[in-house]
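This report goes through one protein structure, part by part. Please have the sequence and the 3D view open while reading.

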Amino acid sequence: MNFLRLLATLVSVLVAQSLVHPNDGAAPVLLHLFFVTSLAIAAASVAGQGTVRFSVYALGIVAFSSGWAAIWFPLRPVQLLVFASHLGFFSLVCMNVLRHLFRRSTVGKNELYAVCCVYLLAGIAWAFLFAFIHTFVPESFDLTRGSGDEFGDLLYFSLVTLATIGYGDIVPLSKFARMAAVLEALFGQVFLAILVARLVTSVRGTKHDELAPNE
């Protein structure tokens, strides 16, 4: 599993999202191409075997197809399908990376890249959840102080919430939106606490194994 490649792609997608506005000509096509690239690399990086591989590729195909359909047919049901399929895909990839981390007995550079990937994947997945909620229940978020790019604003809100910064410029209004935001903030805190403990334990175990023959 090459997590450096996945991390570089995720960072590129976030940068592209901030540079391109969806209302600027061919921007929707360009943004979807970036997301398609991330989907393909994510699938190739953490597809795994058997049922997991099938699920990752199946969700990736649905997300890819619905994304293109939404460009030409921007209907509410199609948009809900886009957000739901992307949410499922990025969530599944995130869980597969987490499973890899907790199965490893040693910690190397690839595992550190994987930690960063989990953080970004979780933020992106929650952004699609927020977008789904906002589309299913209109006005679930107060985006009046946003940039005009709804998904870009929700992605920004997701990453800010995950880091528990809380600038307050974008506010969840509905009960579902508020609960989702709270769960994301809790995930960010619990993930860091558990992961740091797991990494420290792995490092100590590695050092003990190295010292054992000399004792």
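This is a predicted model: local features need pLDDT of at least 70, side-chain atom pairs count only at pLDDT 80 or more; totals for chains, interfaces and linings use all residues.

Which helix gives the most to the lining of the second largest pocket? It is helix 6, with 4 residues.

Sorted by class, the lining holds 5 polar, 4 nonpolar and 2 charged residues.

Two helices each supply at least two residues of this lining: helix 1, which covers residues 3–19, and helix 6, which covers 150–162.

## Helix 6

Helix 6 has 13 residues. From its first C-alpha to its last it reaches 18 Å, close to the 18 Å expected at 1.5 Å a residue.

Is helix 6 largely enclosed or largely open? Of its 13 residues, 10 are buried, so helix 6 is largely enclosed by the rest of the structure. The buried residues are Phe151, Gly152, Asp153, Leu154, Leu155, Phe157, Ser158, Val160, Thr161 and Leu162.

Another residue of helix 6 is Asp153. Its relative accessible area is 6%, and a value under 20% counts as buried, so Asp153 is buried. The C-alpha atom of Asp153 is separated by 7.9 Å from that of Ile170, although the two residues are 17 apart along the chain.

## Aromatic rings

A pair of aromatic rings is described by two values, the distance of the centres and the angle of the planes. A search of the whole structure finds 12 aromatic pairs. One of them is formed by Phe83 and Phe128, with 6.4 Å from centre to centre and 45° between the planes, and this pair is tilted. Phe83 is in helix 4 (residues 76–103) and Phe128 in helix 5 (residues 109–136), so the pair links distant parts of the chain, 45 residues apart. Phe83 counts as buried at 14% relative accessibility, and Phe128 is buried with a relative accessible area of 4%.

Why is the pair of Phe90 and Phe128 described as stacked? The ring centres are 5.8 Å apart and the planes stand at 10°; planes under 30 degrees apart count as stacked. Phe90 lies in helix 4 and Phe128 in helix 5, so this pair ties together parts that are 38 residues apart in sequence. Both Phe90 and Phe128 are buried. Phe83, Phe90 and Phe128 belong to one aromatic cluster, which also includes Phe89 and Phe151.

## Cysteines

A disulfide is a covalent bond between the sulfur atoms of two cysteines. How many disulfides does a search of the whole structure find? The search finds 0. Cys94 is in no disulfide, and the cysteine sulfur nearest to it, that of Cys117, is 9.5 Å away. Cys117 is in no disulfide either; its nearest cysteine sulfur is that of Cys116, 7.0 Å away. For comparison, the two sulfur atoms of a disulfide lie within 2.5 Å.

Cys94 and Cys117 can also be described by their accessibility. Cys94 counts as buried at 7% relative accessibility, and Cys117 is buried with a relative accessible area of 0%.

## Two residues with positive phi

Most residues other than glycine have a negative phi. Which values does phi take at Glu139 and Thr164? Phi of Glu139 is near 65°, and phi of Thr164 is near 55°. Each is a positive value in a residue other than glycine.

Glu139 is found in the loop between helix 5 and strand 1, which covers 141–142. Glu139 counts as exposed, with 60% relative accessibility. Thr164 is partly exposed, with a relative accessible area of 41%.

Methods
Residues are numbered from 1 along each chain as its sequence is written. Side-chain values use heavy atoms; hydrogens and water are left out. Ala, Val, Leu, Ile, Met, Phe, Trp, Tyr, Cys and Pro count as nonpolar, Asp, Glu, Lys and Arg as charged, and the others, Gly among them, as polar. Buried means under 20% relative accessible area, exposed over 50%, partly exposed in between (1.4 Å probe, protein chains only). The expected span of a helix is 1.5 Å times one less than its number of residues. Rings of Phe, Tyr and Trp (its six-membered ring) pair if their centres lie within 6.5 Å; planes under 30 degrees apart count as stacked, over 60 as edge-to-face and the rest as tilted.
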